[in-house]
Amino acid sequence: MAELNTGDDGGKKGSKKVRSKKSNAKVDLTAMVDLAFLLITFFMLTTSLSKPQSMDLGLPDKNKEDEPKDNIKVDQKRTMTIIMGKDNQIKWFHGLLETPEPGGAPTNAVYGKNGLRKEILKRVVSVNEYCQTLPTYKKGDGLIVIIKPSKKSTYRNLVDILDEMAICKVPSYAIVNDITPEEQKLVDEMNK
C-alpha cells in the first residue's frame with residue numbers, strides 16, 4: 001500500500017518543552033495511483049498516433065470489358081518518358097524514342113531541382129505554349145509524362161519521381177511497366 005507520512009518528530013531532541021504527541025497523518029495513495037494508470041491507459045488508447053503519409057494514386061481497374069478497343073493516340077510533342085535504372089540513374093526523352101523532339105534525345109539526369117525537375121519545368125512551359133496554339137485546346141491539356149521503372153529501380157526513386165510530378169504540377173502522368181526492346185537497351189546502358 002502506498003502512503004504519505006506527514007507527521008513531524010516533535011521538535012529538537014533535548015529541548016525542555018514538552019509537546020503533546022500528535023498522531024501522524026497518513027494519506028492512502030493507492031486510489032490515486034490506480035486513477036493515474038487508468039487515465040494514462042485511457043489517453044494512450046484514445047489518442048491517434050501519427051498516421052503514415054501516403055500518396056494518392058489512382059489506378060484503373062483490371063476489367064477486360066472496360067479496355068478500349070483501339071489505342072489512344074497522343075501527340076508525341078506532348079509526351080516525355082522517364083526511364084529509371086538502378087543506383088538512382090534516370091534517362092529521359094521527349095517524344096518518341098525513334099524520333100525524339102528537338103532537344104529531347106535520350107539524356108541522363110539526376111534527381112533534384114537542378115536535374116530532372118529543371119527539365120520537367122522546361123517541358124511543362126514549352127508544351128503548354130504548344131497546346132495553346134492547337135484548335136482543340138482544352139484546359140488541362142499539357143505535358144504527359146510516362147514513368148517507366150526498370151526491374152532494378154527502387155521504390156524510393158519512384159516516389160521521388162512522383163514527388164517531382166506534384167512539384168512541377170504535371171497534369172497527366174502514368175506509371176507503365178512495359179519497356180520496349182529499344183528502351184531496354186537504354187536501361188542496360190544505365191545498369192553497366
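The side chains of E183 and K148 form a salt bridge with an N to O distance of 2.7 Å, a salt bridge being a side-chain nitrogen of Lys or Arg within 4 Å of a carboxyl oxygen of Asp or Glu. E183 belongs to helix α4 (residues 181–190) and K148 to strand β6, so the pair ties together parts that are 35 residues apart in sequence. Helices (H or I, at least four residues) and strands (E, at least two) are DSSP runs, numbered from the N terminus. E183 is buried, at a relative accessible area of 5%, and K148 also counts as buried, at 9%. The classes are buried for under 20% relative accessible area, exposed for over 50%, and partly exposed in between (1.4 Å probe, protein chains only).

The model is predicted; local features require a pLDDT of at least 70 and side-chain atom pairs count only at pLDDT 80 or more, whereas totals for chains, interfaces and linings use all residues. Residues are numbered from 1 along each chain as its sequence is written, and side-chain values use heavy atoms, with hydrogens and water left out. The mean pLDDT of the chain (the predictor's confidence in each residue, from 0 to 100) is 78, and 78% of the residues score at least 70. Confidence is lowest in strand β1 (residues 3–5), with a mean of 65, and highest in α1, with 91. Where pLDDT is low, the predicted coordinates should not be read in detail.

The secondary structure consists of four helices and seven strands, in the order β-β-α-β-β-β-α-β-α-β-α from the N terminus. Of the 192 residues in the chain, 26% count as buried. Among contacts (heavy atoms within 4.5 Å) with a separation of 6 or more, 63% are between residues 24 or more positions apart. The accessible area of the chain, from the Shrake-Rupley method with a 1.4 Å probe and, for residues, only the protein chains shown as cover, is about 15,000 Å², of which carbon and sulfur atoms supply 55%.

Three salt bridges are found in the whole structure. Side chains of opposite charge can pair when their charged atoms come close. Besides the pair of E183 and K148, R117 and E164 meet at 2.7 Å, N to O. R117 is in helix α2 and E164 in helix α3, so this bridge ties together parts that are 47 residues apart in sequence. E164 counts as buried, at 6% relative accessibility. The side chains of E119 and K122 are bridged at 3.5 Å, N to O; both residues lie in helix α2, three residues apart, about one turn of the helix. E119 is buried, at 18% relative accessible area, and K122 is partly exposed, at 49%.

T81, in strand β3, is buried at 4% relative accessibility. Residues up to four places away in sequence aside, T81 touches K91, W92, F93, G95, I146, K148 and E183.

V145 touches M80, I82, M165, V170, S172, Y173 and A174, with residues up to four places away in sequence not counted.

R123 is placed in helix α2 and is buried, with a relative accessible area of 9%. With residues up to four places away in sequence excluded, R123 touches M80, W92, H94, P102, G103, G104 and L143. The C-alpha atoms of R123 and L143 are separated by 7.1 Å, at 20 residues apart along the chain.

On the surface, V33, F37, I40, M44 and L45 form a nonpolar patch with about 560 Å² of accessible area together. Patches are made of residues with over 30% relative accessible area and no salt bridge, with like charges joined within 9 Å and nonpolar side chains (Val, Leu, Ile, Met, Phe, Trp, Tyr) within 5 Å. M44 lies in helix α1 (residues 30–46) and counts as exposed, at 61% relative accessibility.
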